[in-house]
Amino acid sequence: PPGCHWVRPTGGMFFWLELPAGLDAMALLPQAVAAGMAFVPGEPFFAEAPRRNSLRLSFVTVPAAQIEPGVAALAHVLRAAEARL
């Protein structure tokens with residue numbers, strides 16, 4: 001999605017995604033679910049100074065054919081949220 005940062009994983013089951021500053025992954029989750037995709041907000045994974053603009057995307061629990069539409073749905077949600085900033 002536009003304005004996001006991630007590192008290609010070398011192991012594990014998730015992409016860690018950092019959203020543009022000012023976006024709150026927890027607040028965006030219901031909108032993403034309504035758009036047909038879901039993610040895990042990253043905030044609970046921080047012991048100190050949680051990053052509200054972070055999330056995890058699984059790439060092993062979803063059939064490969066659903067990944068591209070899911071990322072497109074997330075991009076749509078993020079564009080709409082950025083427009084409201």
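Is Arg52 buried, partly exposed or exposed? I am working with a predicted model, in which local features need pLDDT of at least 70, side-chain atom pairs count only at pLDDT 80 or more, and totals for chains, interfaces and linings use all residues. Residues are numbered from 1 along each chain as its sequence is written, and side-chain values use heavy atoms, with hydrogens and water left out.

**Arg52 and its partners.** I find Arg52 partly exposed, at 44% relative accessibility. I use buried for under 20% relative accessible area, exposed for over 50% and partly exposed for what lies in between, with a 1.4 Å probe and protein chains only. Arg52 meets Asp24 in a salt bridge, at 2.5 Å from N to O. Asp24 is in the loop between E2 and helix H1 (25–34) and Arg52 in the loop between E3 and E4, so this pair ties together parts 28 residues apart in sequence. I note Asp24 as buried, at 18% relative accessibility. Arg52 also forms a salt bridge with Glu43, where the closest N and O atoms are 3.0 Å apart. The criterion for a salt bridge is a side-chain nitrogen of Lys or Arg within 4 Å of a carboxyl oxygen of Asp or Glu. Helices (H or I, at least four residues) and strands (E, at least two) are DSSP runs, numbered from the N terminus.

**Glu18 and Arg51.** I count three salt bridges in the structure. One of them joins the side chains of Glu18 and Arg51, at 3.8 Å from N to O. Glu18 lies in strand E2 and Arg51 in the loop between E3 and E4, so the pair ties together parts 33 residues apart in sequence. Glu18 is partly exposed at 30% relative accessibility, and Arg51 is partly exposed at 42%.

**Ala49.** In the loop between strand E3 (40–41) and E4 I looked at Ala49. Ala49 has a positive phi of about 45° although it is not a glycine. Its relative accessible area is 63%, which is exposed.

**Surface patch.** Trp16, Val40 and Phe45 form a nonpolar patch on the surface, with about 250 Å² of accessible area together. Patch members have over 30% relative accessible area and no salt bridge; like charges are joined within 9 Å, nonpolar side chains (Val, Leu, Ile, Met, Phe, Trp, Tyr) within 5 Å. The areas come from the Shrake-Rupley method with a 1.4 Å probe, and for residues only the protein chains shown count as cover. Val40 lies in strand E3 and is partly exposed, with a relative accessible area of 33%.

**Largest pocket.** I record a volume of about 420 Å³ for the largest pocket. A pocket is an open set of points on a 1 Å grid over the protein atoms alone, where a 1.4 Å probe fits, with protein on both sides within 12 Å along at least five of seven lines; lining residues have an atom within 4 Å of a point. The lining has 21 residues, of which Met37, Leu57, Ser58, Ile67 and Val71 lie nearest the centre. H2 gives the largest share of the lining, five residues.

**Ala80.** Ala80 is placed in helix H2 and is partly exposed at 30% relative accessibility.

Conventions: Grid points are joined across faces, edges and corners, and a volume is the space filled by probe spheres set on the points.
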